[in-house]
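Colleague: Can you take me through this one? Start with the overall dimensions, then we'll go into the details.

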Amino acid sequence: MKSINQSLKPITTKLNSSGNIEIGGCDLVDLAEKYNTPLYVIDEATVRGICQDYKKAFEKYHNVNMMYASKALCTKAIAKILHSEGFGFDTVSAGEIYTVYKAGVDMTKVLFNGNNKSYEELSLAIELGVGRISVDNFFELSLLNEIAKSYNKTVDILLRITPGIECHTHEYIQTGHLDSKFGFDLTQIDEAVELILNDYKNLKLHGLHAHIGSQIFETSIYGDEVEILTKEISRLDKKFGLKLNEINIGGGLGVKYNESDKPPATYEIADIIINKLNECIKKYSIDAPTLILEPGRSVISTSGVTLYTVGSSKQVPNGKKYIAVDGGMADNARPSMYGAEYVAEVANNTDHELIEKVTIAGRFCESGDILIKDITLPKLNEGDIICVYNTGAYNYSMASNYNRVQKPAMVLVNNSQSDIIINRETLDDIIAHDVIPDRL
Ligand SMILES: Cc1ncc(COP(=O)(O)O)c(C=O)c1O
């Protein structure tokens, strides 16, 4: 069965009677006029649809906690939608914890991850009653125990481990291989467990956590991960009499950024994970653990598009034709960071056939600020609206104010209604934190 992470475009995308592209029943040209560009647009039906795909795919296993990896896109409105779909939240900073808290999320359904959480962040997590903290290293075990003691509380934790699985994705988004900055090496787990059982009395260990990487297309590695985690649970039971009843296998399912991407469906990975888990429960004689997943990109990416307005163009003699738009690497860092590829279309009605091969350049002062290389589009004119697909994940969340350019607004569309969920930054926002010392 297909799932929404396998589509290139939001599920409501179509051409309307004016010949313009519409999403969520909203004409993209009207949105660009009303809210200005660059503009992030999120289709609510697509977000809710993929949540339902995940829930259906995993309903065969009795106890699953879906925790959206909020690093992909974290805003109060997005948190509210996912909470209403029954998802919890994987967070990695005080900022993400505070956002979901302010959105009214049940904090027991929040997990705090990260390889260098600060004293202040761990304290905030304890104060707000975050449900689980995934402890990444020995330093953090000791620090967290000390903070928990000062609050006179016992903190519920998982141990983040490095399972030694290499996935074939960009090296910057691989995390589960042995030489990774994240988590305890398999050879360090016993020492960590001994410390928790004997010394760190304010920590209660519930299970193991791993995350192997992002934009994953290989399905079998999820089975390998389940095997390693369940085998460790069984080994720790035999060695320490420790009953761990949670395994968190992270996120990572890929999405379709271009025609050649063939990400697996949620249903396909669910079958592999659940079959392997049931097999390992028998094989290693363990109690069936709660299964936790942390999908980020696959939950939100497909729902998002970014609209840009075409400005200047440059034909290099005997070379490329550059079309410049009003955004670029500061609102979508992925092409310049990982060489990520995107598909775009012209959102306004154009009578031109597909005739020009162009390179869409950003407006930021770096030669590397290229959004899409060599794409064939109708002949573009100043004022045309370009719609770049699949920008819901890791675009706004990685956005910066490079060149002191304001971050774009974000609108949520559904049933022909559009609502701002992030206001466009103003010039006063840009200087809001600047201070001129009196002596100047
Ligand atoms: C620990 C952890 N969980 C979940 C995710 C989400 O991954 P994705 O967005 O690929 O699903 C990440 C991403 O880096 C992560 O580090």
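**Overall size and details**

Modeller: The protein has 440 residues, for which a compact globule would have a radius of gyration near 22 Å; the value here is 23 Å, which agrees. Keep in mind that this is a predicted model.

Colleague: What box do the C-alpha atoms fill?

Modeller: Taken along the principal axes, the box is roughly 70 × 65 × 45 Å.

Colleague: How many helices and strands are there in the protein?

Modeller: Twelve helices and 21 strands.

Colleague: Take helix 8 and helix 9. At what angle do their axes cross?

Modeller: At roughly 25 degrees, and the axes come within 9 Å. Angles under 35 degrees count as roughly parallel, so helix 8 and helix 9 are roughly parallel to each other.

Colleague: Is that crossing left-handed or right-handed?

Modeller: The crossing of helix 8 and helix 9 is right-handed.

Colleague: Which residues make the contact?

Modeller: From helix 8, Tyr-222, Gly-223, Val-226, Glu-227 and Thr-230. Helix 9 contributes Ile-269, Ile-272, Ile-273, Lys-276, Leu-277, Cys-280 and Ile-281.

Colleague: And how do the residues of that contact divide?

Modeller: Eight are nonpolar, two polar and two charged in the contact of helix 8 with helix 9.

Colleague: Switching to the ligand. How many residues surround it, and which are the closest?

Modeller: The ligand is surrounded by 17 residues. Ala-69, Ser-214, Gly-251, Gly-296 and Arg-297 are the closest.

Colleague: How does the shell divide into nonpolar, polar and charged?

Modeller: Around the ligand, four residues of the shell are nonpolar, nine are polar and four are charged.

Technical notes
Residues numbered from 1 in each chain as written. Predicted model: local features only at pLDDT ≥ 70, side-chain atom pairs only at ≥ 80, totals over all residues. Near = placed C-beta within 6 Å. Nonpolar A, V, L, I, M, F, W, Y, C, P; charged D, E, K, R; others polar. Axes fitted to C-alpha atoms, helices over the stretch in contact; angles between N-to-C directions. Helix = DSSP H or I, 4+ residues; strand = E, 2+ residues; numbered from the N terminus. Parallel < 35°, antiparallel > 145°, perpendicular 65-115°, else oblique. Left-handed = near helix turned anticlockwise from the far one by under 90°. Contact = placed C-beta atoms within 7 Å. Rg over C-alpha atoms; globule rule 2.2 N^0.38 Å.
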